[in-house]
Amino acid sequence: MTSKITAIALSTAFVAALGATLTIASATDAHSDASNPAVKARMEAMKVIGAQTKVLGDMAKGATAFDAAAAQAAAATMAAEAAKIPALFEPQEDDPESEAKPIIWDQWDDFAAKAMDLENAATAAQASLTDAGSVGPALGQIGGTCKACHSTYRE
């Protein structure tokens with residue numbers, strides 16, 4: 001009984017994380033016309049992360065077949081882009097297309113820590129993506145880090 005409840009809870013958490021992650025991934029495509037080069041670079045990095053999230057999301061949903069090399073490459077790309085986030089956001093730049101909240105620079109240490117959380121989750125995912133059953137949990141971890149940051153620091 002307990003294992004059945006745990007499985008249901010994990011499935012519910014995965015579906016919620018997948019929905020939030022895919023929403024984040026699709027939202028990154030909506031705004032990429034920033035005129036400020038610093039903001040455009042940030043948005044492009046987020047777009048790359050979103051595209052890799054979609055690769056994993058499609059595998060998790062069964063829309064594409066599981067491919068360990070592609071899944072691991074997606075996670076590696078996410079980790080590499082996540083590592084760039086603090087440097088990309090360090091200059092306090094703005095643009096009408098930016099969804100970054102000014103609180104980023106007021107709470108810089110927390111923001112940078114959340115970027116590192118994404119990098120760590122994506123790095124861990126890269127090592128764990130060995131079969132179709134591993135995609136959901138990995139994506140849940142990644143999606144949780146995206147949500148943790150975006151809920152505070154993104155419009």
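This is a predicted model: local features need pLDDT of at least 70, side-chain atom pairs count only at pLDDT 80 or more; totals for chains, interfaces and linings use all residues.

Visitor: Where does helix 3 bend, and by how much?

Guide: The bend is at A83 and comes to about 25°. A proline, P86, follows within four residues.

Visitor: What makes D67 a cap of helix 3?

Guide: A side-chain oxygen of D67 lies 3.0 Å from the backbone nitrogen of A69, at the N-terminal end of the helix. The cut-off for a polar contact is 3.5 Å, so a pair at 3.0 Å qualifies.

Visitor: Which residues of helix 3 are buried, and what covers them?

Guide: The buried ones are A71, A74, A75, M78, A79, E81, A82, I85 and F89. Their cover includes helix 2 (37-61), helix 4 (103-106), helix 5 (108-128) and helix 6 (135-153).

Visitor: Why is the pair K84 and E81 called a salt bridge?

Guide: The side chains meet at 3.0 Å, N to O. The limit is 4 Å between a Lys or Arg side-chain nitrogen and an Asp or Glu carboxyl oxygen, so the pair passes. K84 and E81 are 3 residues apart in helix 3, about one helical turn. In general, an α-helix has 3.6 residues a turn, so residues three or four places apart point the same way.

Visitor: How many salt bridges does that rule give?

Guide: The count is 5. One of them joins D58 and K61 at 3.8 Å, N to O, which is still within 4 Å. D58 and K61 are 3 residues apart in helix 2, and D58 is buried, at 14% relative accessibility.

Visitor: What can be said of K114 and D110?

Guide: K114 forms a salt bridge with D110, with the closest N and O atoms 3.1 Å apart. Both residues lie in helix 5, 4 residues apart, about one turn. K114 has a relative accessible area of 18% and is therefore buried, whereas D110, at 33%, counts as partly exposed.

Visitor: Which residues do salt bridges with shared partners join into one network?

Guide: The network consists of K54, D58 and K61.

Methods. Residues are numbered from 1 along each chain as its sequence is written. Side-chain values use heavy atoms; hydrogens and water are left out. The bend at a residue is the angle between axes fitted to the seven residues ending there and the seven starting there. Helices (H or I, at least four residues) and strands (E, at least two) are DSSP runs, numbered from the N terminus. Buried means under 20% relative accessible area, exposed over 50%, partly exposed in between (1.4 Å probe, protein chains only). Contact means heavy atoms within 4.5 Å. A polar contact is a pair of N or O atoms within 3.5 Å; within protein, one must be able to donate a hydrogen and the other to accept it, and residues adjacent in sequence count only if both atoms are side-chain atoms.
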